[in-house]
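Subject: Structure handover

Hello,

Here is the structure I promised to pass on. Please open it first, then read the notes below.

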Amino acid sequence: MRTAQVMAEQDLPGLLIMGIGGTHGVQESLAALLKKHFSVITMKELLENKKEVGKKIQCIFVSEFRPTIDQELLESLPNLKVIGNSGVGVDHLNLKMISNFGVRVTNTPHAVADSTADMGMALMLASARRLVEGSQIAVSPDTNYFAADWLGVEVTRATLGIIGMGRIGYKVAQRARAFEMKILYHNRNRRSQEEEQAVGACYSEMEDLLQQSDFVMLVVNLTPQTEKLIGKKELGLMKPTATLINISRGAVIDQDALVEALQNKTIKAAALDVTYPEPLPRNHPLLKLNNVIITPHIGTATVQATHMMAEEAIANMLSVLNCQPIPSEVFPQ
């Protein structure tokens with residue numbers, strides 16, 4: 001029985017992962033899921049016998065940006081066919097270089113939409129109601145009373161500007177509609193009239209969106225076109241009472257300009273699930289401001305989303321190996 005099991009595992013396609021468990025490895029439950037379809041090989045095992053083990057690897061599962069995909073790694077894997085990225089953003093992958101090796105790249109846009117949209121709403125509500133500050137006051141040993149003039153603002157019926165109306169941005173709009181928000185959005189491609197009406201969203205030019213919104217939420221992929229999309233000029237267009245929320249990638253914002261805008265009260269606040277780099281250096285000025293909420297890139301960090309991402313990545317990779325249509329392939333720009 002044991003021999004048959006070992007033989008079955010050997011027949012499975014080789015899949016490289018960073019490791020299992022610990023700070024940087026794949027969760028045990030996800031590793032068990034991967035092992036149903038692949039012969040799982042860790043980076044440690046590859047490095048111990050690169051020549052022999054490298055031949056067995058046909059797929060790489062990239063989770064939390066690990067393992068790092070560089071030319072040296074690709075050159076050591078002569079039979080590699082596909083890299084399955086767990087998550088939608090692929091700015092950590094050099095798509096052109098990978099394509100030059102004849103390797104396909106896939107991502108998991110469907111699995112991340114709900115959890116990331118939930119995170120956007122959580123950050124908006126937390127910032128509006130000063131939740132982090134309030135919690136600190138409530139538990140502080142120095143607190144003797146709660147001040148009557150300590151106020152937040154309401155999300156209900158406020159204006160939300162969504163920059164990036166893809167799958168996640170649209171999910172944000174669906175949630176915001178329940179708060180009776182006025183929803184403006186800017187996107188490369190305008191949504192259909194039916195889609196706009198379904199969530200009560202109005203297409204807006206970027207400048208108008210920034211000027212009118214009480215909350216501006218960034219939900220774009222990081223590309224050369226969106227790097228530092230929000231800089232000094234854009235922050236200057238926003239209301240002094242407005243809040244900037246980022247659930248995309250840190251580099252979409254010019255962080256130096258954001259620090260200046262927050263210090264000078266050009267805008268009221270920021271709520272960021274992403275920064276550049278991650279984590280920020282411990283002496284970074286953003287960490288010293290009391291009108292900023294920063295979370296550790298946890299938009300997809302739910303039990304459900306991590307499993308759905310793994311399942312979507314598995315389906316993508318198996319499609320490549322079986323020469324079937326690939327549900328979510330990413331192409332070089």
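Arginine 66 sits in the loop between strand 3 (57-63) and helix 5 (71-75). Helices (H or I, at least four residues) and strands (E, at least two) are DSSP runs, numbered from the N terminus. Arginine 66 is partly exposed, at 28% relative accessibility. Buried means under 20% relative accessible area, exposed over 50%, partly exposed in between (1.4 Å probe, protein chains only).

A word on the source. This is a predicted model: local features need pLDDT of at least 70, side-chain atom pairs count only at pLDDT 80 or more, and totals for chains, interfaces and linings use all residues. Numbering runs from 1 along each chain as its sequence is written, and side-chain values use heavy atoms, without hydrogens or water.

Next, the cores. A nonpolar core is a set of buried Ala, Val, Leu, Ile, Met, Phe, Trp, Tyr and Cys residues joined through side-chain atoms within 4.5 Å. The largest has 33 residues, and Met124, Leu160, Ile162, Met181 and Phe215 have the most contacts inside it. Helix 7 (109-128), strand 6 (159-163), helix 9 (167-177), strand 7 (182-186) and strand 9 (215-218) each supply at least two of its residues. Helix 7 gives the most, with ten. Another core lies apart from this one; it has 27 residues, including Val220 and Leu286.

Rings of Phe, Tyr and Trp (its six-membered ring) pair if their centres lie within 6.5 Å; planes under 30 degrees apart are stacked, over 60 edge-to-face, the rest tilted. Tyrosine 185 and tyrosine 203 are edge-to-face, 5.4 Å centre to centre with 80 degrees between the planes. Tyrosine 185 is in strand 7 and tyrosine 203 in strand 8 (residues 201-203), so the pair ties together parts 18 residues apart in sequence. Tyrosine 185 is buried, at 0% relative accessibility. Tyrosine 203 is partly exposed, at 26%.

Best wishes
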